[in-house]
Amino acid sequence: ASTSSSAEGCPFHAAPPAPQSGPTGCPISARAAEFDPFSDGYQQDPPDYVRWAREQEPVFYSPQLGYWVVTRYDAIKAIFRDNLTFSPSIALEKITPTGPEANAVLEQYGYAMNRTLVNEDEPAHMPRRRILMEPFTAEELKHHEPMVRRLAREYVDRFIDNGRADLVDQMLWEVPLTVALHFLGVPEEDMDTLRRYSIAHTVNTWGRPRPEEQVAVAHAVGNFWQYAGKVLEKMRQAPDQPGWMRYGIRKQKEHPEVVTDSYLHSMMMAGIVAAHETTANATANAIKLLLQHPESWREICEDPSLIPNAVEECLRHNGSVAAWRRLVTRDARIEGVDIPAGSRLLIVTSSANHDDRHFADADFFDIRRDNSSDHLTFGYGSHQCMGKNLARMEMQIFLEELTRRLPHMRLTGQRFTYVPNTSFRGPEHLWVEWDAARNPERQRPEILQTQVPVRIGEPSRHAIARPVVVESVARAAGGIVRLRLASPDGKPLPRWTPGAHIDVECGDPERSRQYSLCGDPADTRTLEIAVLHEPQGRGGSAWIHAHVQAGDRLRIRGPRNHFRLDESARKLVLIAGGIGITPISAMARRARGLGLDYTVHYSGRRRADMALLDELAALHGPRLQVYVSEEGRRNDLAALLGAHEPGRQVYACGPLRMLHALEALGAGWPDDALRIEHFASDLPQLDPSREHAFEVELKDSGITVAVPADRTVLAALRAANIDVPSDCEEGLCGSCEVRVLAGKVDHRDKVLTRAEREANDRIMTCCSRACGGKLVLEL
Ligand code: HEM
Ligand code: FES
């Protein structure tokens with residue numbers, strides 16, 4: 001919406017103006033006016049409740065809430081990325097302001113909840129985050145694993161013979177609380193008191209308590225505050241004991257201006273909530289979701305190595321944080337909508353997690369999805385959840401314990417209820433039942449001894465490949481075979497959109513190659529790819545041509561789409577060279593289905609070597625132009641495209657020479673007018689022509705690793721089997737920091753301050769490089 005009072009320039013509201021208008025004068029649509037995050041619709045299924053927005057009006061003003069609501073993945077990630085324009089300072093603010101009576105009660109308790117980490121602005125936040133990071137490293141988290149396992153076992157022991165349980169009341173609420181208390185270093189005897197208080201805190205912050213409830217909530221919050229202060233004092237008496245709070249108390253001695261008293265007291269309270277309810281809810285959501293998809297439940301019971309990715313997919317599909325908040329500090333534009341400074345944003349991360357633009361067939365629950373861990377349930381960037389790997393560890397252990405001991409468990413018929421609030425989400429009760437006579441441990445007590453090692457951190461992409469059967473292998477043209485792949489159990493495969501690709505493991509998990517899908521997206525039973533034999537290639541296509549036969553099993557990942565068709569384009573020009581026809585053919589089929597104005601331009605050297613020709617001619621008739629150089633016809637790109645035409649979009653896939661020529665032609669065009677398929681690598685894009693190669697010597701490991709011009713230090717270290725933690729991999733979060741002993745660093749992150757850069761004693765390995773030929777690192 002424009003900041004003037006007319007609707008002109010608003011990308012979502014042409015005319016006629018709606019009866020109500022928002023703070024910028026932009027009219028408010030009927031659905032935006034109705035939006036109520038405390039309604040049953042939002043509580044039951046937030047991403048479904050805002051589906052209309054994700055599709056039609058991705059950024060809208062909610063008059064009931066007084067917030068702008070953002071619903072798409074890319075926009076939300078961009079908001080997380082820029083924590084200066086979009087300040088986290090309101091993240092814990094009460095969403096429904098309390099009345100004077102409740103405020104007076106809070107004052108009576110000396111309630112002075114202040115900034116912690118999650119709602120602290122820069123420059124105060126990042127130094128504190130970094131100082132307090134160590135207890136969250138994989139090395140440190142490992143020490144908590146036996147405690148989490150012991151608790152999970154004890155709680156299941158209590159109800160395993162009963163045949164039914166409310167998992168929330170009988171396990172999931174208490175175990176993460178106890179884990180959180182251990183992690184923070186709080187004495188166990190205070191658990192019951194804290195349990196009562198922390199519920200009140202959620203209602204106080206994210207809920208809409210009725211006026212008569214507000215006072216009772218305020219008393220509980222006040223008590224929580226005072227109690228947290230007392231526990232903190234107790235801990236100060238024995239600062240050398242374990243726990244994150246005591247670690248903070250010790251760090252306060254070194255950095256009193258960074259780790260302040262006010263921070264410690266506030267964190268004592270906020271830390272319990274951060275670590276407890278989020279994890280309890282996430283696990284309850286996960287078990288509910290898995291039991292609602294019995295196939296997936298059976299699969300993880302049979303193959304526990306799928307658990308880490310199943311956890312990730314549950315966090316994506318139905319996470320425990322449905323939305324988060326940011327304050328706009330300067331005039332900004334989100335998805336073309338002008339948002340004035342001072343606006344408040346409700347960023348519906350659960351909606352981002354269901355955005356088809358980022359997650360193929362996003363509503364589909366798929367424990368083998370290869371980008372599940374891109375979800376935004378833990379936030380992203382400089383404030384991304386520090387406790388995420390503790391939460392993941394707990395969820396993995398709970399699922400492991402339950403799948404091993406209660407594989408025959410099922411959901412009891414029930415209606416799920418939620419504590420009404422915008423952000424924290426999990427069922428209040430989760431009733432499950434089973435036939436106790438069939439408990440596997442009665443026949444085989446030895447199963448209690450088996451343990452699957454916990455994976456700390458994100459699941460490995462190698463572990464989550466999807467098995468498929470090759471249904472047919474057919475020759476598609478000279479040197480090209482067409483493979484049709486189906487799932488081994490005949491179940492539907494994830495749906496895909498034109499431009500999507502899959503990764504095929506070519507005989508070895510390390511040899512994984514990307515192939516665009518070329519079949520019919522409406523067919524969910526099979527996936528089709530066409531593979532050109534490239535003798536000079538890296539061996540993937542040669543392997544497929546030499547070995548793959550009908551009936552074989554392959555492992556694939558995906559589908560994923562980095563080359564998405566904009567279906568709102570007025571005119572489409574689809575250009576393919578050689579095997580580049582695969583994604584283009586899928587786009588053309590879609591354009592035809594939608595009745596769009598499109599043409600297809602397909603070049604090749606010899607007609608006999610051009611795949612899909614007959615099929616394309618049959619489908620597209622005169623809209624298809626074929627250029628065969630051996631027959632003397634070439635695609636003159638300059639003549640074909642001429643100057644930019646508004647509303648026209650050009651999509652191209654083919655040999656590099658062709659793509660470069662197109663890039664040169666389209667240099668002056670608007671951003672989206674030319675889209676080219678770059679097979680995206682998992683590594684951040686580095687331009688090797690502007691970078692130089694160097695070496696990193698690892699002092700502790702006694703090895704030297706070469707960092708080529710097209711690789712990050714992080715990627716080079718990983719390739720050498722050196723584990724370095726990372727999150728954002730774009731210089732925002734500080735997770736990949738390593739100490740530098742010698743050599744000058746070319747800093748490219750946004751984490752270090754100028755003084756820290758000058759000190760030259762640390763590097764963010766995901767993005768920064770060496771100025772010279774060598775760095776010496778403490779690794
Ligand atoms: C921050 C979610 C578990 C500690 C956050 C944020 C979210 C979140 C959404 C804000 C991210 C942002 O602004 O970008 C979750 C979820 C959890 C979980 C869904 C469980 C499934 C935990 C646990 C702990 C923890 C177990 C501690 C042991 C923190 C801390 C921050 C944070 C300290 C603040 C980081 C900063 O601002 O620098 N979490 N969390 N969380 N979380 Fe978690
Ligand atoms: Fe986030 Fe490097 S700064 S991984």
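Helices here are DSSP runs of H or I with at least four residues, numbered from the N terminus. Keep that handy for this predicted model.

**Exercise 1.** Find out which helix gives the most to the shell around ligand 1.

*Solution.* 
- Start with the neighbours: 30 residues surround ligand 1, and the closest are His125, Arg129, Arg326, His383 and Cys385.
- Next, go to the elements that give two or more residues to this shell: helix 7 (125–131), helix 15, strand 5 (324–328) and helix 19 (388–405).
- Now pick the top giver: helix 15, with six residues.

**Exercise 2.** Work out which residues place polar atoms by an oxygen atom of ligand 1, using a cut-off of 3.5 Å between N or O atoms.

*Solution.* 
- Take the side chain: a polar atom of His383 lies 2.7 Å from a ligand 1 oxygen.
- Move on to the backbone: an N or O atom of Tyr380 sits 3.2 Å from an oxygen of ligand 1, and for Val118 a backbone N or O atom is 3.3 Å from one.
- Finally, look at the space itself: what ligand 1 takes up is the largest cavity.

**Exercise 3.** Track down the residues that touch the most other members of the largest nonpolar core.

*Solution.* 
- Look among the 143 residues of that core, and you land on Trp244 and Leu345.
- Check the partners of Trp244, among them Leu117, Phe136, Phe183, Tyr263 and Met386.

Key: Residues are numbered from 1 along each chain as its sequence is written. Chains are lettered from A and ligands numbered from 1 in the order in which they are written. This is a predicted model: local features need pLDDT of at least 70, side-chain atom pairs count only at pLDDT 80 or more; totals for chains, interfaces and linings use all residues. Side-chain values use heavy atoms; hydrogens and water are left out. A nonpolar core is a set of buried Ala, Val, Leu, Ile, Met, Phe, Trp, Tyr and Cys residues joined through side-chain atoms within 4.5 Å. Buried means under 20% relative accessible area, exposed over 50%, partly exposed in between (1.4 Å probe, protein chains only). Contact means heavy atoms within 4.5 Å. A residue is near a molecule or strand if one of its heavy atoms lies within 4 Å of it. A polar contact is a pair of N or O atoms within 3.5 Å; within protein, one must be able to donate a hydrogen and the other to accept it, and residues adjacent in sequence count only if both atoms are side-chain atoms. On a 1 Å grid over the protein atoms alone, a cavity is a set of points where a 1.4 Å probe fits but cannot get out, and a pocket is an open set with protein on both sides within 12 Å along at least five of seven lines; lining residues have an atom within 4 Å of a point. A molecule sits in a cavity or pocket if more than half of its atoms lie within 2 Å of its grid points. Lists of a residue's contacts leave out its neighbours within four places in sequence.
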